[in-house]
Every structure is written in C-alpha cells, then in structure tokens.
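Subject: Structure handover

Hello,

Here is the structure I promised to pass on. Please open it first, then read my notes below.

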Amino acid sequence: MFDNEAGHLAGRTAATRQLAELLQAARSGTPTVGVIRGSQGMGKTALVDSFLRLENTAGNPPLILRAAGAAWERTTDFGVVQQLLSGVTGPVAPPAAEAPAEVPAEPAPATGPGAADGPANYGKLLLATIDRFTAEKSEVLVLWIDDLHWADLPSLKALLFALRRAGTKALLTLVAADMTVSGLDAGVEGLLSFPGAQTIKLGPLTPGDVQSMARRTPGSADTELPLPAARILAEHTGGRPGLIQPLLEQYPASVWSTGQRVLPVPSELRAFVRTALAQLPPAAAALTEAAAVLGARPRLALAAELSGVSDAVAAVDAAVAAGLLALSTAGADTLLEFPLPAVRAAIYQNLGPGRQTASHAAAARLTAIGAGQLGHRAAAALLPDAALARELEGAATAYAAEGAWGSAADAYAEAARLSPDCLERESLLIMAVDAMVGAGQLPRAVTAVETLAPSPRSDAVRGYLAVLRGRPMQADAMLRKAWTSVDPATDPGTAGQICQRQVLHALARFNARDLVTWAVRARLTAPPDSPPAFEAQAIEGLGLGAMGRYAEAEASYESADQPPENSAQYQRIHMGRGWLHLAMDRLDEARTDLAGAVPTEFGRGSHRIALWTQAWLARTDFALGAWDGALRTVENAVALQEESGIELLSPLLHWSGAQIHALRGNWDAAAHHLERAAAAADSYPIMVLPHCLAQAQVAEVRADYEGVIRALQPVARMDRSSGIDEPGFWPWQDHYANALVMVGQLEEADAFLRPHERLAGQRRHQSTMARLASVRGRIQAASGEFDAARITFLDALTRLENLPMPYARARIMFVYGQSFRRAGKRREAAGMLIQARDLFAVLGAAAYTDRCERELRASGVSTEENRRHSAPAPATAEAATRFGELTDQEQAVAALVASGLTNKNTAAELYVSVKTVQYHLTRIYRKLHICSRSELAAAYLERGPSPGQGKK
C-alpha cells in the first residue's frame, strides 16, 4: 500500500480539487451534495476515503457519518439511514450528553398504518443529528454514502427529507454510485438530481495519471515510469486504480517495457480468477481457458474446437455469468471477449507452463487457425529450435519490408529466443532492437540491449540508442569503440551498420562533413541494397546541402534507387529530400515530399523517420503560412514522440508549437512548448538549436531583445563551421543581429552580419539574403542612411517575390515600417506597417498585429487615413486589373490556387505536373506584380465577377 493518503489521490487531481471545493462550500454554510459516479473498479470509494482521511490530518477536520448500500440488504427498510444515525466516525466524538436521539431497534414495517410517516420520522431524526453536529460553526459534517445504487428506498426518502430542510448548515453529502447499474429507483435518481448537486465522474486512468501514481509508489521515486510503459499498464488494467496500484507495488517499472507476450497481474486478481474458474462447470472453464490461449478476441467456434466443448452456448452462459467472458456478435463472426486484458492474462497464467505449452501446440494444429499457426508454434516451444527460428526470421523480414515494425520486433525476438546458435541469436536480437525503434518502442529496445554481450554490433546498437535518447557523449564512445573493433574486410555488414549509425550521430551533431564522410563509407562498405547502405544514401544529400553543394545534393537524390511507395526506404529518401528542399526555399516541393513520407493507416513506416518528417513538415507549413496544419502536425508528432521515448527530436517538434502560439498571443501554450523543448547545454546541436531558436523567437514576439540575445548565446558559442550557419538550415542569424541593433549594439551587429551576408550571397539563397537584408536596412536607418535603407528593404521584399513565404514577408515589412517610424519617417512607415498588419492578420499573428497597431498609433496616422490605407494594397489592386494578361493555362492555375488548393491538388485537377504548376505560378506572380498566394487570392476577389479572357 502507499505510505501516505496523497498516494491514493494521485491521478485524480481534478476530482480531488472538486471535492475540496465542495468541502469549502459546506464550511461556508452552504449545504452541498457531491455525486461520485464511475463504473466498477474506478476507485470511487478509495478516492473519497483517502480524501477524508487526508482532511482529518489537517486543521479543522470534518466530522463524518458513513453508510453503504449492499445488494443483499436493499430490502431492509431504513438500513442505510440507521448506519448514518449510529454515530460519528470522524476524529472528534460527540459529547455523551448530546447523544443522537434513540433509533428504533425495529423500524416500522413498510406496509400498514403509519408506514407513510416512516421516511419523515427517520428524516427528522437525521435532521436532528445534523443540527447537533453542525451547531459548532467551526465544524463541518460529512454524510458519506457509498454504493448508493444498493441503498434501500425508505432510507433515501428519509435522506431527501432531511436535505431539503437542512437550511444553512455546514453540511456536505457525498454519495457514490455505479454508472453501469441500470434501473435506478426514484430515491437514487432524486439524490443524483438534487438541486445544486455536483457530479464527479471517474473514468479510466490515463497514462499520465498512471505516471502520477507511480511517482507516489514507495521505492519508485528515483525511477520515472516511461509513458509507453504507463500506456501499456493503463490498457492492461482498463485504467482501474485498484489494479494499477498493486501492480506498481509488486513489479518494477522495467517489467512494462520488456514486450513480454503475457503481462503480470495483481495477486488479488489472480486469486479471484482461480476461484471463479474452480466454481465454473468443467466445460465453461475449458472454454474460458481455450479463449485465453487463442488471444484477446478469439472466435467462439475456434475456442469450442480447441476446448472440445460440445455445448458452447451453455459454457458461454456460465462464463459470462461469472464475469470472465463476454460475447460479441457485432461483426461477421461470433467472438469471445474478456472484461480486461488483465483478466485474460490471469486466466492464461492459471494454466501453468505445461498446460500453456500443450494448449498452444493444440491450437497450432487447428486447420482454421490460419496465419496464427506460427505464433502458436513459437509459444509452444520452450527449447531452442533452429528450423522454427528461421521461419520466424523470415516472417519478421516480411513484416519489416511492409513497415509493420511491431510485428517484426516480436517475430525477431521470438526467433532470437529459439535460435541455438549464440552469434545468430545476437544478430536476431539486434534486428529486433532495430524493429523496436521503428515501432516506437525505445524503452523496450533499451531493455533488450542489456542482455547483449559486448561486441562491435552490440556496441553499435548501444550507440544508436544513445543517439535517439539524446546522449552524445555516450553515443560517441560506443560508436568509436565499435568502429575500432570491427574489420570491414571480414564483416562488411557490421561495418556498414556502424557507418550508418555514425551518419545519424553526425546528423544529430549537424556536422555536414562527418555526415558525408560516414555516408560514403557506408555505401562503400555495406552490402549493396542493404538497409545501412540505403539509409546512408538517403541522408547523404542533406550533408551535401549543409556544405553548400546543392547541385550535388540534388544529384544524389536523382541518382538514388527509387523504392516502392509506402516502403521504409521510400519514407527515408522522401524525408531527406523534403528537408533539403525546405532548406533550398523550394517549399512546395518540400511539402510534397514530406507529406508523402508521413505514415498513415494505409502506409506504415518507421516512427523515427516519421518524427523527423513531421518536424520539418511543421516548419514547411509555418513558412507557407498554413499554421493550423503546422500545429496539428506538431500535436500528432509530439504524441508519437512521447510514446516512442525518442528524446532526440522533442525540441525540434516543440519549436514550431512555441513560435506559432507566441505569434498568436497564446502565451500559456507557448510557454508549455518552450518547457517541453528544453535541452541541456551538453545535448546534441540538433536539440540545442531548435530550443534556442524557440526561446529567441518567443522573446522577439514579446519585444524582449535582451532575451533574444541570451537565448541565442549558446548558438553563437557553438562550432558552426560544419553546416550550422549554412543558409536555409537554421535561421538564427537575423534574429541575433536584429536583437543587437535593438539594444543599441550597431557595430557588433554590423560585424556579426557581414560574413553571413557574404555566404548567403555566394549561395544565392534568396530567403536568407532577404532576412539578413532586413537587419542591414535597420542598421542603415538607425545610422540615418535612409535612401540606402529604403533600397535595402525593398531589395529584401523583392527577393521574396517568387517565394510563398507570407510570414517572412510580413516580418520584413514590419521591420521596415518600425525602423522608419522610429527615425521620424512616419508617412512612409505607416504605409508599410499597414501592409504588415494586414498580412499578419491574415496569418492570425495577433501579437504582431497588435504591435503594428501600436507603431501606427505612435506614427500619428489618423483613424481615417489608417482605414484608407487598409484597402487592398496597390500591388493587389493593380494585380486585379492585370488578369487579362494571363494565358488561359495561367488563369486556370490562378483560379485553383486562389481558391486554396495546393500545387499538388492543382496539378491533379489540371492533369499536369507539380513542376508545371510551379512554373505557371512564377509567371503569374511576375505578371501580376505580387509575391504570395494570399495576394493572389485577394487579387482574384478584387478583379470582380467578369474576368478577362486570357491570351493564347
């Protein structure tokens, strides 16, 4: 049991808070009624008892009168009210002189003369008891009635009589009722619907609740229960606190991360199931046990065949009545179901190893078992079996090819268990670990690796897991050890795998040179077409791009083998190419690649690659202005990341969430993402960079420029020579330089900016040149060089003309307007600030919309002039008159894009390629003198209902 009462309340924070509020209301002289509802096993009784006992240890404890209904006592009139009248159970006993009025030993019969007055008489007695105990204003009386659904009706009538006449008493009435009980009588319904009654519903505990319970469990304070383990435990027990608590006490946290086929059950549940099975007729017990062997939802016909039961209907009736089985006829088959997975596990464990083995062997011989035969054969095998191990390995390989990583992990692990050869066993277990990572089962993989003896392969796996857990020093040590211990000539497979792990390690360090070096080694060392060779090829282009070698990067993807769609290899190469295209400002192509690499229910894939993909998809949608989609991607990916335990990518995911919520003025949500994005200073750069950027961007939205500098100092101190400062990958430079200008450090900003401007110019990277130019323009305006500043700002906006980056464009407009407003050029500043404000408003960037408004008020622009400037921007209005200059094909593309379709959907609608749509959009933007999809949509609406005909 828990050491303190607070442990019982863990996971029920909201319910505990409601109880505390009800008690406080009662103390203030307002009689209150609390109804605790939940299905059986949800901990209604434990919650209230623990809460009241905890209150007893505090100052001013309540007095408690307790009663409970019982099914066998429901026909005993006034049984519950007699329990209440029997005396206080709180810490302070009533004075002997003030004993409650005598309770009749034998209540009046339910029929005959005077029976109708019975509830009123008992109600008066109860009311007198309430009056006596609440006479002291410093005390509150609690009437606590458990199992209300089994209370006798006369008692409930008496209780309602008293409550209606309680007046302003310090009285709290708590009742608990099972939500699953049907046919509640009028007395129960009367209490449940009592005026002002508050209902506290207790549902199954969530994985987060289970983690809270685990923290309160003695001996587990130093070991956090991983979220995946908490989810498994919640599903196993149906979220029932009474089952979860003993499991947390009886088993270590590591048990829930081993992936074992049958999970433990509490000793109390095992004893209950053993007794229930012993009381069943033999046929019902045999059917129930056969069902447990066959799985979670076996077919009734299959269970009957395995158990040899001839009268399945009678057997099912008995098992259902005992609460061990349920029958489902909703689908094409008649299925058996268990109340909880833990009940099935208890039934299965009751069989013992010998009967389990025999039952699985018998199940494998059933002709109707189909694809499940191999699994039953494996479950029946307790000793090594080389032939069976090879069959399982073949099945695992097929699962892996489909991206069914969970099934692959199970099959590889079983094959390893049954292999008689030590080296082969290690190889199979390592493949199982890879599949576990692919399935998002990192805690299970970590547990599995602990059984491996040191070797180049096992050290490489340990290094791989250290990378995914965000532990660079440990990863570096293990991967170095593995590489120095392997001979590539005699063991190219292991050497290639180590190289591939080094590729991931280099990517996490964002060291482009090392990434390319190890990728080339992997391609030259690993067997052709092996997973290490292919994955290295899929990532090599990123390294080339981060070295500024864009043409070679593109060529590496063009020359890569084209894998089947929805395969793991397809997912990897599209993720890498999508990230590269994002860095190269090719946002539409980036989105197409990245969206195609996100697993769906129809196309599965690796959790690890899915997280990378979704992180960069969110950044792509952010740049495109599709912020709602970006936030949905973040939410989905964060849930996947937390379940998988892959800490490496947590900051990268939360970066987009923090920035978008800050721009929208959702400060609490932004703070939540910042907290979750936190990365230690010695973490991988791939963790530190997005964490610092998220902090800086949130601070910039708040106009906290000193905060921006503080946030980006760790980045400024990094060794950035191997790719971090390559244009397009980590956009931190303009934020840092801008903050330096805003705190008055113009010379420092100028010196910092110059090498980045040169590099961006050498790479001809348009968005980076535009962002840096906006800071250069701010420096020039602050120095009084207004003509130069104007040219610089306009040049920055021109560089974004053909790029669908509305936020980047609005931000430059804001900097332009703010700089000129502060330099006294109010008229010019106002026009630019109004355009920035309107574009921010379209994006939903409320924080910057407000900042624009403040700048406009400070510029002295009148309300009428502001309104006049708020009309469609001249470029947009002018564009509306230029539609006649578009060809028919361009008008068709413009109409579809303006309606909100993506380039991909527009291409599908017109039966052309995405590149053709992109080509037409570039010409459309140039002809209409606009530079974004939002401006195209506005111009399309502005042109009126009679568009001109396009030219041939």
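Start with Glu55, which is buried at a relative accessible area of 18%. The cut-off explains the label, because buried means under 20% relative accessible area. Bear in mind that this is a predicted model.

What does Glu55 pair with? Glu55 forms a salt bridge with Arg27. The closest N and O atoms of the two are 3.8 Å apart. Arg27 sits in helix H2 (residues 13–27) and Glu55 in helix H3 (residues 44–56), so the pair ties together parts that are 28 residues apart in sequence. Arg27 is partly exposed, with a relative accessible area of 24%.

Side chains of opposite charge can pair when their charged atoms come close.

Now go to Arg776 and Glu757. They form a salt bridge, with the closest N and O atoms 2.9 Å apart. Arg776 belongs to helix H37 (residues 766–782) and Glu757 to helix H36 (residues 746–763), so this pair ties together parts that are 19 residues apart in sequence. Is Arg776 buried or exposed? Arg776 is buried, at a relative accessible area of 11%.

The next pair lies within one helix. Asp795 forms a salt bridge with Arg799, and their closest N and O atoms are 3.1 Å apart. Both residues are in helix H38 (residues 786–799). They are 4 residues apart there, which means a separation of about one helical turn. Asp795 is partly exposed, with a relative accessible area of 32%. Arg799 is also partly exposed, at 24% relative accessibility.

Some salt bridges join up. Which residues are linked in a network of salt bridges? They are Glu700, Asp734, Arg771 and Arg811. How many salt bridges does the structure hold? The count is 42.

One more residue to look at is Thr633. Its place is in helix H30 (residues 627–644). Thr633 is buried, with a relative accessible area of 11%. Leave aside its neighbours within four places in sequence, and Thr633 is in contact with Gln614, Leu617 and Ala618.

Over to you.

Best wishes

Key. Residues numbered from 1 in each chain as written. Predicted model: local features only at pLDDT ≥ 70, side-chain atom pairs only at ≥ 80, totals over all residues. Heavy atoms only, no water. Helix = DSSP H or I, 4+ residues; strand = E, 2+ residues; numbered from the N terminus. Buried < 20%, exposed > 50% of the residue type's maximum accessible area, 1.4 Å probe, protein only. Contact = heavy atoms within 4.5 Å. Salt bridge = Lys/Arg side-chain N within 4 Å of Asp/Glu carboxyl O.
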